[in-house]
Amino acid sequence: MIKIKNKDKNKPKVLKTNPNPENCNRLNKYVREILFNSYSGKCGYCESILGLSSPKTIDHYRPKKKVKENSKHKGYSWLVCEWSNLIACCQLCNNKKHISFPITDEKDRIYKKQADPKEWNAKSKSFLSENPLLLHPEIDNPEDHLIILRNGVLEGKSDRGKQTINILDLNRDPLVLERFKILNKIITDLKNKAKDVLFQRQKNLIEAKEYNEGKYIKSKFKSTFQRIAFKCKGKTRYLFVWQFAWNNYDILIRELPEDEEIIRIITKAYKIYKSLKNN
Ligand SMILES: [Zn+2]
């Protein structure tokens with residue numbers, strides 16, 4: 001999952017004036033395409049390419065007919081065409097989530113349509129006070145709630161993170177494998193570069209040559225970090241994994257069964273490139 005920005009700006013005109021939200025029949029092909037494009041053609045929950053491993057669907061973040069966790073609730077029918085309630089979603093995540101929408105405390109659940117349509121927005125005060133446990137890709141910052149282990153398994157940093165993983169089954173084998181493949185490639189590359197730095201250090205020691213190791217590390221790791229930085233932008237598949245690898249290198253290398261010097265060199269390289277990016 002990644003944070004989706006600026007989706008509000010894309011809201012289709014046909015949804016801006018909505019006289020009959022409970023019987024809305026306006027999720028036509030045009031609306032669907034704008035939604036899928038707002039999510040860069042990826043599932044808003046698992047980041048799989050829509051239509052590739054499973055069909056494109058629309059998930060209603062707040063379910064429209066029933067709520068699994070509350071048998072008395074008739075669903076949030078008035079949000080059937082609410083733009084902020086529509087999540088581009090793969091069939092697999094949609095099947096897993098279905099009508100699930102747990103909140104922290106059932107006493108905060110909203111049963112009736114709010115009088116002010118502005119409150120139908122998922123970011124509204126009334127809806128935020130429901131304290132949903134499922135992360136919303138347009139509201140929440142997934143990095144605050146989720147971490148990726150070296151083996152590609154997603155883990156919750158918060159209760160909401162854990163609940164989101166469970167509701168959507170985000171540790172399905174193909175997803176874990178994809179995350180592992182990306183992380184493994186990045187780490188293997190970093191380790192090989194660090195070994196080259198060590199080799200160069202020993203060579204220069206034997207030859208009694210003076211050299212600037214910081215400069216050498218900078219040039220040696222350049223292509224790796226350029227690649228990560230490039231992947232951290234735009235429509236990259238499994239963008240969250242790349243962003244995680246860039247922002248949480250300490251977590252990644254903490255799990256490395258390597259000697260301390262390799263880890264020290266990788267840490268130094270990250271620090272050099274992070275300071276370059278921040279300046
Ligand atoms: Zn999905």
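In the predicted model, the C-alpha centres of domain 1 and domain 2 are separated by 38 Å. The domain assignment of the protein chain places residues 8–139 together with 159–169 in domain 1, and residues 174–278 in domain 2. Where these domains touch, domain 1 contributes five residues to the contact and domain 2 contributes six residues. On the side of domain 1 that touches domain 2, two residues are nonpolar, two are polar and one is charged.

A pair of packed helices can be described by the distance between their axes and by the angle that these axes make. For helix α6, which spans residues 173–206, and helix α8, which spans residues 239–247, the axes come within 10 Å and cross at roughly 35°, and the crossing is right-handed. The residues that meet here are R179, I182, L183 and I186 on the α6 side, and V241, W242 and A245 on the α8 side. Sorted by class, this contact of α6 with α8 holds six nonpolar residues and one charged residue, with no polar residues.

Helix α8 can also be considered through its buried residues, which are F240, V241, W242, F244 and A245. Of these, V241, W242 and A245 are also residues of α8 that meet α6. The cover over the buried residues of α8 includes α6 itself, together with the strand β3 (146–148) and the helices α7 (213–231) and α9 (249–254).

Key
Residues are numbered from 1 along each chain as its sequence is written. This is a predicted model: local features need pLDDT of at least 70, side-chain atom pairs count only at pLDDT 80 or more; totals for chains, interfaces and linings use all residues. Domain bounds come from an automatic or database domain assignment. Two residues are in contact if their C-beta atoms, placed from the backbone, lie within 7 Å. Ala, Val, Leu, Ile, Met, Phe, Trp, Tyr, Cys and Pro count as nonpolar, Asp, Glu, Lys and Arg as charged, and the others, Gly among them, as polar. Axes are lines fitted to C-alpha atoms, for helices over the stretch in contact, and angles run from 0 to 180 degrees between N-to-C directions. Helices (H or I, at least four residues) and strands (E, at least two) are DSSP runs, numbered from the N terminus. A crossing is left-handed if the near helix is turned anticlockwise from the far one by less than a right angle, and right-handed if clockwise. A residue is buried if 20 or more other C-beta atoms lie within 10 Å of its own, exposed if 12 or fewer, and partly exposed in between; C-beta atoms are placed from the backbone.
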